[in-house]
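Thank you all for coming; I would like to walk you slowly through one structure this morning. Please keep the sequence and the picture in view while I talk.

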Amino acid sequence: MRRRAAEYRRPVRRRFSYWIWALFGLFSIAGLVLLVVHHNQHEDRVEQPVLERNTGLDQVAHESLNFTEEILSARSFSRQLAEQMTLAKAYVIIAKEHNNLHLAWELSSNIRNCQLLLSKAAMRGEPVTLEEAEPIIKSLSYLIFRAEDAHYDIATTIMTMKSHIQALEERANAATVQSTVFGQLAAEALPKSLHCLNVKLTADWLRKPSLQELADEKRNSPRLMDNNLYHFCIFSDNVLATSVVVNSTVSNADHPKQLVFHIVTNGINYGTMQAWFLSNDFKGSTIEVQNVEEFSWFNASYAPIVKQLLSADSQAYYIGGYQDNVAPKLRSPKYQSLLNHLRFYIPEIYPQLEKVVFLDDDVVVQKDLTPLFSLDLHGNVNGAVETCLEAFHRYYKYLNFSNTIISSKFDPQACGWAFGMNVFDLIAWKKADVTARYHYWQEQNADGTLWRVGTLPPGLLTFYGLTEPLDRRWHVLGLGYDLNIDNRLIESAAVVHFNGFMKPWLKLAIERYRPLWERYVNRSHPYLQDCVTS
């Protein structure tokens, strides 16, 4: 009976050994090959001058050994050692799982000896000899036999190893989520130098009545409503970022004194914005700063988005932490900021203007933008650069086409476009009653089933059939996440957009692109110098 059982166990163990080899062998051999290839490349670079001084015979002898082929040769001791080491690694895991720590330690010790021998052979460029390999092969064979003789159940071992893989996947997923959360927090955090600047400017606004008087005087400037000038609007709570947008625009304009900037910020940063733009000259351009909290018409009874953002469900969604499976980026505070949604109310904010260029606060202007005002939009409301060169910028990637409200009215393959640099014809806007269309879609999405968050999905719906495609060079995106944008494309761009988490004012910024933004920061300003040094 024992003999039959033993005879039965041997092929099972053998099959088990083969299964383990199939699972692990490929990775270990590949790793060894890469190690050897790396060594050979390094050795070729370092040893070349020496080889040139050696005799031709020595050089031929040295080059005759290809250790990559040696490690793959079925007849070499290196291959035998590699195979045994792979099998031993598998049994280390199994032995630990069965609490056989002594066997696991012995296997690990021999694995290290094997790795050391292979490494030495690769370094000297000579094959492993019988005298070197025999003691390790015998020792590993004995330990593997002991591991096989432990009668580990194959099915149980397979399930154990599957659980290990599952646990590793869960840890990897958790680490990915944690990394995303940390990246999100870093992107949302206000740098100390920027916070310092805000404090200094707010103090100036409060203790210098002359600034407030100057702001009152400029509020009634006729230039703010003159349609013969070029009007730009920026909605932001970041004074330094807004300053870069304004400075880069006027610096590249042919006639900067004909430019008018309409800035809207929140109550907290209103004094900061006013103090900065009243205390600095931007090549004679006109700059207006308004407080969104003073827009009495922008309330929950008129704007659905205000009502939705103030709801208990919305507050819980954005402020309730990261307990569910919602992507961290979808909880960004920018989605809760009313400033982010003002782009749909431009005619209400500036009722006497006919055409404006909307700029996000994370863009840098590199060319004169005044030609945008003479572009023919062919009766459309929104001039924008399309982003569907890649498939994931089609409508179906932003909207829920399983909902009949969406699928019955929109083409899922329709081309998406970008917010951040847009030309808006406000006469055509009012004629098409675009804001009412926006309100309709916001009300339809009160339960969040048509799209998740953000302004681009409702923008795609609101401006559907009302968007004029612009030349791609007007607006190049991706500098806040894409490391591989073509330099020629960046150089030809009128506007570059740092959309993504890696904003240029953060330490997270992509170093390759940061100079494009920093060249428009006035580092000579005493407040900036004080804040950086402190």
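This is a predicted model: local features need pLDDT of at least 70, side-chain atom pairs count only at pLDDT 80 or more; totals for chains, interfaces and linings use all residues.

Now for the chain as a whole. It has 534 residues, and buried residues make up 48% of them. Its secondary structure comes to 21 helices and nine strands. The accessible surface of the chain is about 28100 Å², and carbon and sulfur atoms account for 54% of that area. If we take the contacts between residues at least 6 apart in sequence, 75% of them join residues at least 24 apart.

Let us turn to the sheet. In which order do its strands lie? Seven strands form an open sheet with mixed pairing, and the order is β3-β2-β1-β4-β7-β6-β8. At the edges stand β3, residues 286-291, and β8, residues 467-469, and because each has a single partner strand, one side of each is left without a neighbour in the sheet. From one strand to the next, the twist averages 25 degrees.

I would like to stay for a moment with β4, residues 355-359, which is mostly covered, since five of its five residues are buried. K355, V357 and L359 point one way from the strand, while V356 and F358 point the other way. As for its neighbours, β4 pairs with β1 in the parallel sense over two bridges, with C233 standing opposite F358, and β4 pairs with β7 in the antiparallel sense over five bridges, with K355 standing opposite D425. Further along, β6 and β7 run antiparallel and are joined by two bridges, and there G383 stands opposite V423.

Helix α10, residues 239-251, lies across β1, β2, β3 and β4, and runs at about 170 degrees to β2, whereas helix α11, residues 267-279, lies across β2 and β3, and runs at about 165 degrees to β3.

Next come two places where the backbone deserves a second look. Most residues other than glycine have a negative phi. K283, in the loop between α11 and β3, has instead a positive phi near 55 degrees, and at 44% relative accessibility K283 counts as partly exposed.

Finally, a word about the surface. Which residues make the nonpolar patch of about 210 Å²? They are F501, M502 and L508. Of these, F501 is found in the loop between β9, residues 495-497, and α20, residues 514-518, and with a relative accessibility of 31% F501 counts as partly exposed.

Key. Residues are numbered from 1 along each chain as its sequence is written. Side-chain values use heavy atoms; hydrogens and water are left out. Patches are made of residues with over 30% relative accessible area and no salt bridge: like charges are joined within 9 Å, nonpolar side chains (Val, Leu, Ile, Met, Phe, Trp, Tyr) within 5 Å. Accessible areas come from the Shrake-Rupley method with a 1.4 Å probe; for residues, only the protein chains shown count as cover. A salt bridge is a side-chain nitrogen of Lys or Arg within 4 Å of a carboxyl oxygen of Asp or Glu. Helices (H or I, at least four residues) and strands (E, at least two) are DSSP runs, numbered from the N terminus. Buried means under 20% relative accessible area, exposed over 50%, partly exposed in between (1.4 Å probe, protein chains only). Two strands pair if DSSP finds at least two bridges between them. Axes are lines fitted to C-alpha atoms, for helices over the stretch in contact, and angles run from 0 to 180 degrees between N-to-C directions. Contact means heavy atoms within 4.5 Å.
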